[in-house]
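Reader: Please show me the chain and its fold. Then tell me how the labels were assigned.
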Amino acid sequence: PPPVTLPLRRDAPGFAPRPDGWYRGELHCHTHHSDGDSSPAEMIAAARALGLDFLAITDHNTLSHLIELAALGTPDLILIPGFEVTTYRGHWNVWGDRGWIDFRTLTPALMAEAIQAARARGYLTSCNHPRPYGPPWEFAEVTGSHCLEVWNGPWVLFNAVSLAYYERRLKAGERLVAVGGSDAHRLRGGADEVARVGTPTTWVYCPGPPSAVALLDALRAGHAFVSEGADGPRLTMSAGPAMMGDAIPRPPDARLLLTVRAVGGAGSTLEVRGAPGCLLQYPVTGPDEVITLTLDVSGTAYVRAQLVSGADSDLLRALTNPIYLR
């Protein structure tokens, strides 16, 4: 019989639900099943040490790590199966348990076909690190992924290029879920290691019983934000009952009432952005600040929020997914 691989579970026995429905985790990292230096068990231990709730190990073009993960009991950590489809023209993640995806896609047409095939199987897909030294996503015209990794490793590593690419896709009318992942490969690199587990951390809102299936469903809906680390600022945004990832009717007078909450963001600047660029800036001074804003959204089909460093406005600390305007 074929070996047992980690399933995409609909339950999480022994995992205590979070009262507020928010879960933090790592969506992109590697072990010695591809080009990492550590075992899946060691990567799990690193995630536990950070207090993460979920972990997706995404080794390159292989399912072998999922065989090892299937044998590991993790009652205090939700494991999400997945792997990184590593092509010669760009990398993309798939999360789920629907089998291997061919990475030999040398043309835009073949890349688009592979992404659509993965989606048809039920995978959640993500375009990874579309920036210099990512390696870059060379088929910029190929779309179709559910998510886009706007933040890979420390922010200063050209992630502004990824975010700008994401903005161009939003302006073109796409609805893409912004995600982050450390892309950590080495746990033994010491203080000089740049890519570290949980840098950045993706937070997902899952109000019901948590599980790998429920978390991916919530991520597919865009109910998520990205923070600089496991203990970094928490940034959420809502418009009435709608939250990040949702689509709402455009207000008749084009005036949108928006509520943004920043926890742990003191000293940062809140920016609310849309298609024209920055729509509003607001200094965050308190440790837990709720900010109510009324914005003119006549020139944009979406709004999103981000926290930037008070000392360096190019340094992001957290960003939300958009709310879309119909």
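Author: The model is predicted: local features need pLDDT of at least 70, side-chain atom pairs count only at pLDDT 80 or more, and totals for chains, interfaces and linings use all residues. Residues are numbered from 1 along each chain as its sequence is written, and side-chain values use heavy atoms, with hydrogens and water left out.

Reader: What makes the pair of Phe15 and Tyr23 tilted?

Author: Rings of Phe, Tyr and Trp (its six-membered ring) pair if their centres lie within 6.5 Å; planes under 30 degrees apart are stacked, over 60 edge-to-face, the rest tilted. The ring centres of Phe15 and Tyr23 are 6.1 Å apart and the planes stand at 45°, so the pair is tilted. The structure holds 8 aromatic pairs. Trp22 and Tyr205 make a tilted one, at 5.3 Å and 45°. Trp22 lies in strand β1 and Tyr205 in strand β9, 183 residues apart.

Reader: Why is Trp22 called buried?

Author: Buried means under 20% relative accessible area, exposed over 50%, partly exposed in between (1.4 Å probe, protein chains only). Trp22 has 10%, so Trp22 is buried.

Reader: Why is Tyr205 called partly exposed?

Author: Its relative accessible area is 25%, so Tyr205 is partly exposed.

Reader: Which strands pair with β14?

Author: Strands are DSSP runs of E, at least two residues, numbered from the N terminus. Two strands pair if DSSP finds at least two bridges between them. β11 and β14 have 5 bridges, antiparallel. β14 and β17 have 9, also antiparallel. Arg261 stands opposite Val290 in β17.

Methods. Helix = DSSP H or I, 4+ residues; strand = E, 2+ residues; numbered from the N terminus.
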